[in-house]
Amino acid sequence: MAIIEERLDTGGIAHTQLVNSIVKATKSSRPEHGDRHVGMVYIVDLLTRMFLPSGYPNSVSPDYLRYQILNALQAFCNSLAGMLSSRAILQGFGVGDPTASATKALLLTVLQDVFGRLTTILSAHLIGSSLYPEAKTYRLLADVLNDTAVILDTLSPFFNTFSIPGLRVASLCLSAIFKSLCSICAGGSKAAIAVHFATPISGKGDVGDLNAKDASKETVLALFGMLLGTLIVPYVSSPLSTHILLFILVCLHLGINYIGVRLLILRSLNRQRLAIAWQMFDDSVKGHAPEPSEVAPLERIFDFSDFVYDVTSGSPLGRISIGCSFSHRVQGVFPPSVFSLFTEERYVIWFEASCLCSTDDGDVVIVGPTVRVNIFLKEGCTEQDQLRAWIHAVNVCRLTQKPPRKLSAMTVLKDAHSSMSLRYQTFMKKMQAAHWKTDDIAIMVGSPVSVIADINLEKHSIEDKKTR
């Protein structure tokens, strides 16, 4: 005789009895709850299966549930605000006005569609490669653009009262542009966040199932929002009450989204997270690599610049550009010995000409309160090479902030390189131990402007001698 015990995904236990290779009995037991709670447990289990990814919570990252709760609240607010803007658009189209023309409304809709589609094409070209590395920034930016479009739509009927011709048409076209930008930003950033949620600390989740369940939740929330809106909107008819309610909903929507984005703990390495993690590791006595939850609160959400900031003081250390053109950026003095320092690396680092000056003894020193560093990539440069280059550049910026302020450019490059090389392998191992996805690196936004194909110092030196 044999008894097989199974642990069900509902939390219950099933026992199957085998006697002489024949199944004799199967018994199932539920988790111990009072009889009054059995129905509630069944409902909770059904809702969990319908709206949460299969295998939850082991199939998602730890920050999934709290983000989804906030996402549900913001979607609810957005649904109500959307009803106010939809009513205003219909009023602007002439609903209830016997003198209004359906043809004019159709042409205006077509004009909005044209502006929206053109914006979609252009924005996808310009910012498409930035959506994944900067998912937090563009996720919140999408909500700002969406709310701006909602406000313009709600105010559009009142633009007819101004003497400026075409003001209402311009506002609706501008609203269409913002909606298209919102769609691009939200689509790309949500995809990146979905990939993050589907990669738990251990194991692997299902991105497709997660997206499907998220769509189900958004559908239900939009339905509840519309039902509640049908009860509230008829009583909000005056301009003052409409504007007050819209202001409250927009503030709630943006505030909840900001908190939600702040609570995201992404484990991929972009430029900002890598700079913060390296500084915290480099400053710790025992070489402690921070966990993603330690880095997340220090991230700047709206920071489109290439500035690197000090972790302790928050002041800018310098500005770093990666993948730029050597022929366009390098001007003035450039010692050929710089190439010798980067013989074993697939990148070259040098300073902006405005940060340098030459001394009487022929040395090149760094001047200025904030240094600007350029990273030129060599042909065959990989993501790991870009990661090394960024750490090297961060070290350079940190060294230029230490006294004396007028430092030799070559000395700074050498010291920064030796410091990075000594601790790089340890840093990467400890980052992996801290649950960072070190194989998911997004330092470079888009493709580099150019790459260095060849460096032949001997050839150039011979040509120089002939010229002389």
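**Two helices in contact**

Author: In α3, the residues Leu108, Leu111, Gln112, Phe115, Gly116, Arg117, Thr119, Thr120, Ser123, Ala124 and Ile127 meet α5. On the α5 side stand Arg168, Val169, Leu172, Cys173, Ala176, Ile177, Ser180, Leu181, Ile184 and Cys185. Contact means heavy atoms within 4.5 Å. By class, this contact has 13 nonpolar, 6 polar and 2 charged residues. Nonpolar covers Ala, Val, Leu, Ile, Met, Phe, Trp, Tyr, Cys and Pro; charged covers Asp, Glu, Lys and Arg; the others, Gly among them, are polar.

The model is predicted, with local features needing pLDDT of at least 70 and side-chain atom pairs pLDDT 80 or more, while totals for chains, interfaces and linings use all residues. Residues are numbered from 1 along each chain as its sequence is written, and side-chain values use heavy atoms, without hydrogens and water.

Reader: At what angle do α3 and α5 pack, and how far apart are their axes?

Author: Helix α3 (residues 102-127) and helix α5 (residues 167-197) pack at about 35°. Their axes are 8 Å apart. Axes are lines fitted to C-alpha atoms, for helices over the stretch in contact, and angles run from 0 to 180 degrees between N-to-C directions. Helices (H or I, at least four residues) and strands (E, at least two) are DSSP runs, numbered from the N terminus.

Reader: What hand does the crossing of α3 and α5 have?

Author: Right-handed. That is the name if the near helix is turned clockwise from the far one by less than a right angle; anticlockwise gives left-handed.

Reader: Which residues of α3 are called buried?

Author: Ala105, Leu108, Gln112, Gly116, Thr119, Ser123 and Ile127. Buried means under 20% relative accessible area, exposed over 50%, partly exposed in between (1.4 Å probe, protein chains only). Their cover includes α2 (64-93), α4 (135-155) and α5.

Reader: What makes β5 and β7 edge strands?

Author: The open sheet has 4 strands in the order β5-β6-β10-β7, with mixed pairing. β5 and β7 (347-351) each have a single partner strand, so one side of each lacks a neighbour in the sheet. The twist averages 30° from one strand to the next.

Reader: Why is β7 called largely enclosed?

Author: 5 of its 5 residues are buried, so the rest of the structure largely encloses β7. Tyr347, Ile349 and Phe351 point one way, and Val348 and Trp350 the other. In a regular strand, side chains alternate between the two faces of the sheet. β6 (residues 316-322) is mostly covered, with 5 of its 7 residues buried.

Reader: What share of the protein chain counts as buried?

Author: 42% of its 468 residues. The chain has 14 helices and 12 strands.

Technical notes
Two strands pair if DSSP finds at least two bridges between them.
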